[in-house]
Amino acid sequence: MLSFKAETITPKQASELLERSSNTFKNRNVTPSFVKRYVQDMKAGNWHADTGETIKIDTKGRVIDGQHRLYAIQEADRDQRVWVCRGIETEMFQYIDQGKTRDLKDI
């Protein structure tokens, strides 16, 4: 069963989630420029949790979506409020983020 909850993730918790995931789940490669942009937003106070985006965690406690946000929390060294969805079946990973990427003219 899926659960959705706003949580405050500390840099330590972000590290633990990433560590738990890195050894047992193949996520996409990290894009440093995304992490850097997120870090800048977090440090400037421009990070907004209520966009509907979630950190997605599977039934085994592994991050299947949201690793860039977690790396940014870790690097920014700041607690961040985020929405977390837990209990996703691992097989659902293949359906996440399959849409068209937004470019500047879309924003």
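Me: Let's start with Arg81: why is Arg81 called partly exposed?

Reply: Arg81 has 39% relative accessibility. Buried means under 20% relative accessible area, exposed means over 50%, and partly exposed is in between (1.4 Å probe, protein chains only). So 39% makes Arg81 partly exposed. Bear in mind that this is a predicted model, where local features need pLDDT of at least 70, side-chain atom pairs count only at pLDDT 80 or more, and totals for chains, interfaces and linings use all residues. Residues are numbered from 1 along each chain as its sequence is written, and side-chain values use heavy atoms, with hydrogens and water left out.

Me: What makes Arg81 and Asp50 a salt bridge?

Reply: A salt bridge is a side-chain nitrogen of Lys or Arg within 4 Å of a carboxyl oxygen of Asp or Glu. For Arg81 and Asp50, the closest N and O atoms are 3.1 Å apart, so the pair passes. The pair links distant parts of the chain, 31 residues apart: Arg81 sits in strand β4, and Asp50 in the loop between α2 (32–44) and β2 (54–58). Helices (H or I, at least four residues) and strands (E, at least two) are DSSP runs, numbered from the N terminus.

Me: And which label does Asp50 get, buried or exposed?

Reply: Exposed, because Asp50 comes in at 56% relative accessibility.

Me: How do you know that Arg86 and Glu7 are paired too?

Reply: Their closest N and O atoms are 3.0 Å apart, which counts as a salt bridge. Arg86 lies in strand β4 (residues 80–88) and Glu7 in strand β1 (residues 3–9), so this pair ties together parts that are 79 residues apart in sequence. Glu7 has a relative accessible area of 15%, so Glu7 is buried, while Arg86, at 32%, is partly exposed.

Me: What separates Lys12 and Glu16 in helix α1?

Reply: About one helical turn, because they are four residues apart there. They form a salt bridge as well, with the closest N and O atoms 4.0 Å apart. Lys12 counts as exposed at 59% relative accessibility, and Glu16 is partly exposed at 38%.

Me: Why is Ser21 called buried?

Reply: Ser21 has 6% relative accessibility, so it counts as buried. Ser21 lies in helix α1 (residues 11–22). Leaving aside residues up to four places away in sequence, Ser21 touches Arg62 and Val63, where contact means heavy atoms within 4.5 Å.

Me: How many salt bridges does the structure hold?

Reply: Six.
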